[in-house]
Amino acid sequence: MVNLTGEKSYCGRVSGASSDEQVAFMRKWMADHIRDSAAVLRKPLLVTEFGWSARSNGYTVAARDAYFRTVYDAVYASAREGGACAGGLFWQVMAPGMESWTDGYEVVLERSKSTADVVAHQCARIAGLSPA
């Protein structure tokens, strides 16, 4: 039995594509998967992992933040409309001092205020959808 669908998406893996092209690809990819999850599979969708490696070409914190916003905007739009997708988890949050565990996708919120702000904004938006 399938109870839900999940997807993993990592920007920076489309060879030769610019940051903007990769974000545009992700926007379409998310829309396609949300649509298919609802119409074909008829199951809820959870974006179980997403991220952008600091080790990939074109990486900047600003590009990562834009990518996170793209994913979160798709999740929020779907959730707001009662669509298939209602959650997204980025890979991976770490605390200061965990540098030996890094893989390029780590986000240390204490060291990246802009990314922390993007995540906090999404949390507030999703929480705002909950019935009072």
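The model is predicted, and a search of the whole structure finds 7 salt bridges in it.

- The side chains of Arg35 and Asp36 meet in a salt bridge, with an N to O distance of 3.4 Å.
- Both partners are partly exposed: Arg35 has a relative accessibility of 48%, and Asp36 has a relative accessible area of 32%.
- Arg35 and Asp36 also belong to a network of salt bridges, in which they are linked with Lys28 and Asp32.

**Arg80 and Glu81**

- Arg80 forms a salt bridge with Glu81, and the closest N and O atoms of this pair lie 3.2 Å apart.
- Glu81 counts as exposed because its relative accessible area of 60% falls over the 50% cut-off, whereas Arg80, at 46%, is partly exposed.

**Arg111 and Glu99**

- In the salt bridge between Arg111 and Glu99, the closest N and O atoms are 2.6 Å apart.
- This pair links distant parts of the chain, since Arg111 and Glu99 are 12 residues apart, both placed in the loop between β3 (85-90) and α3 (113-127).
- Arg111 is exposed, with a relative accessible area of 55%, while Glu99 is partly exposed, with a value of 40%.

Terms used. Residues are numbered from 1 along each chain as its sequence is written. This is a predicted model: local features need pLDDT of at least 70, side-chain atom pairs count only at pLDDT 80 or more; totals for chains, interfaces and linings use all residues. Side-chain values use heavy atoms; hydrogens and water are left out. A salt bridge is a side-chain nitrogen of Lys or Arg within 4 Å of a carboxyl oxygen of Asp or Glu. Buried means under 20% relative accessible area, exposed over 50%, partly exposed in between (1.4 Å probe, protein chains only). Helices (H or I, at least four residues) and strands (E, at least two) are DSSP runs, numbered from the N terminus.
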